[in-house]
Amino acid sequence: MDALTQLNVLGLVLSAVLLAMACIKADRIRAWRAGINPSAEELPDAFFVVARVALVAMAGTGIYLSVQGFGVSDDLSWDDSELTSAVQGATDALDGSSGFGDIYAEDTDTGWIDEYATTIEDEVVEHGGGDAPQYDVYATPAASNTASEARYRVTASGAGTAFCLDVTRTRSKDGDYEPPGIAGGQGTVTVPSYDFAVTSREGGC
């Protein structure tokens, strides 16, 4: 339970205490005051009416603020259902996608793996929905990744569930891009294209 949620719970408890105080009978309060200070002036009925109205108003305000606070707390952290839906949406969006690689990198280069982690994080956030936070998603690459296949452990702040995304990168020469040369003729540089196959499952990698 985060600090904001604890504060909201405390607000509800205090509001309940205020409501309980408002329900105490006037005769009981008069008897209590008389036992402590017998010479004290007797409180009029109007005092108890005003006190009850004030206590109920404060309790109502506390309940309202706590309920609003729970909404804010929900928007600040992920829950399991939000992450589950977001990961599935990200998997569907990334599966079958393509992208360009580094023109100077070999096909055995693994430099794309860390960059793709950012792509996964962005996609999960995008598919999180209106109530999910727009941050605190982490795609951690596995240590045994290769140039053609990588796995990522996807987690989010507040969610207890983790997911494993399997990403397979395949060279796609049909999608290569050859920018024209300086004089407008045939270029000498080829920007390599890669296709990505993405699957996901609940649990660690």
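The link of Cys164 and Cys205 is right-handed, with 115° about the S-S bond. This disulfide (a pair of cysteine sulfur atoms within 2.5 Å) has an S to S distance of 2.0 Å, and the structure holds one such link. It connects distant parts of the chain, 41 residues apart: Cys164 lies in strand E4 (residues 163–171), and Cys205 lies in the segment after strand E5 (193–202). Helices (H or I, at least four residues) and strands (E, at least two) are DSSP runs, numbered from the N terminus.

The model is predicted; local features need pLDDT of at least 70, side-chain atom pairs count only at pLDDT 80 or more, and totals for chains, interfaces and linings use all residues. Residues are numbered from 1 along each chain as its sequence is written, and side-chain values use heavy atoms, with hydrogens and water left out.

Buried means under 20% relative accessible area, exposed over 50%, and partly exposed in between (1.4 Å probe, protein chains only).

| Residue | Relative accessible area | Class |
|---|---|---|
| Cys164 | 0% | buried |
| Cys205 | 40% | partly exposed |
| Cys23 | 63% | exposed |
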